[in-house]
Amino acid sequence: MEVFSFKRKIKHYSSDQKILLVGEGDFSFAVCLARAFGLAINMVATSLDSRESLMLKYSEAMSNVEELEAKGCIILHEVDVHSMSRHPLLISIRFDRIIYNFPHAGYLHGPFSSEHNRFQIWFHQDLIRGFLQNAREMLTAIGEIHVTHKTKFPYSEWKIVELAQKVGLYLVHEEQFSPWDYPGYENKRGAGMCDQTFPVGMCSTFKFAKLLCHSTTSGFHLGITTSGPWSGYSGINGPRMQR
């Protein structure tokens with residue numbers, strides 16, 4: 001397609017990559033990427049929430065979703081990261097980048113649960129483990145999974161690098177994350193006071209791949225594509241609690 005005659009980039013992401021975003025809150029991160037690319041026909045953005053609950057939880061969600069749809073992004077609701085690789089509208093697609101920002105499994109004992117609690121940490125680890133297992137099956141040969149996560153205690157106790165290794169992934173790179181690199185992005189709590197942001201503090205984007213050898217060249221592996229990331233594709237809709 002003509003829009004992909006030249007590549008547009010923002011940080012780790014470019015318009016010639018097939019990108020899957022999971023656990024979107026108000027879809028502001030997806031909108032940031034779409035605006036940087038000009039169009040979003042290379043993107044699929046998903047959330048655990050239904051379209052109706054988005055309207056109730058996030059004040060800007062629907063305007064963001066409508067902007068994304070106008071730019072060609074595929075929006076999917078009620079997508080569980082523990083089963084997304086088997087989702088009927090995702091099962092045949094392979095992605096160059098799968099992005100999960102600030103995953104969170106929700107609170108075992110309400111919004112005032114302690115993040116230091118060992119059972120709460122196991123709850124989070126179960127979310128991450130299931131996500132990584134599914135995401136691994138959805139990567140292209142040179143694809144990467146990007147998880148942005150707080151790095152100070154108790155979040156460091158989630159041990160996401162070790163979890164990734166146990167499902168056949170390897171840490172390619174860890175890079176400090178700054179929201180300022182993504183204009184318009186607003187992280188959301190997702191549980192309790194859903195529409196409020198939270199301080200990210202010290203955090204990193206962890207980049208995982210299936211192979212130790214890593215290439216920065218993107219490729220589309222959708223079987224019958226001819227030009228552009230979606231051309232020739234005849235069908236593509238499908239996290240636990242997340243932010």
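**View 1. Strand E9 is covered on both of its faces.** On one side of E9 sit Cys-203, Thr-205, Lys-207 and Ala-209, on the other Ser-204, Phe-206 and Phe-208, and all of them are buried. "Buried" here means under 20% relative accessible area, while "exposed" means over 50% and "partly exposed" is in between (1.4 Å probe, protein chains only). Strands (E, at least two residues) and helices (H or I, at least four) are DSSP runs, numbered from the N terminus. With seven of its seven residues buried, E9 is largely enclosed by the rest of the structure.

A quick note on what you're looking at: this is a predicted model, where local features need pLDDT of at least 70 and side-chain atom pairs count only at pLDDT 80 or more, while totals for chains, interfaces and linings use all residues. Residues are numbered from 1 along each chain as its sequence is written, and side-chain values use heavy atoms, with hydrogens and water left out.

View 2. Two strands count as paired if DSSP finds at least two bridges between them. E7 and E9 run antiparallel, joined over six bridges; one links Val-147 to Phe-206, and another links His-149 to Ser-204. Strand E8 (residues 170–176) also pairs with E9 in the antiparallel sense, over six bridges. Look for Phe-206 again here, as the bridge partner of Glu-174.

**View 3. Strand E7 pairs with E6 as well.** This time the sense is parallel, again over six bridges, and Ile-99 has His-146 as its bridge partner.

View 4. Skipping residues up to four places away in sequence, Lys-210 touches Arg-136, Leu-139, Thr-140, Gly-168, Leu-169 and Tyr-170, where contact means heavy atoms within 4.5 Å. Lys-210 and Ile-142 are 68 residues apart in sequence, yet 7.9 Å apart in space, C-alpha to C-alpha.

**View 5. The largest nonpolar core holds 33 residues.** Met-84, Phe-131, Leu-132, Ile-145 and Phe-208 have the most contacts inside this core. Apart from it lies another core, of 31 residues, with Phe-27, Ala-36, Phe-37 and Tyr-58 among them. A nonpolar core is a set of buried Ala, Val, Leu, Ile, Met, Phe, Trp, Tyr and Cys residues joined through side-chain atoms within 4.5 Å.

**View 6. Helix H1 is wrapped up by its surroundings.** Nine of the 10 residues of H1 (residues 28–37) are buried, so this helix is largely enclosed by the rest of the structure. Among the buried ones are Phe-29, Val-31, Leu-33 and Phe-37. The buried residues of H1 pack against several elements, including strand E4 (43–46), helix H3 (61–70) and strand E6 (95–101).
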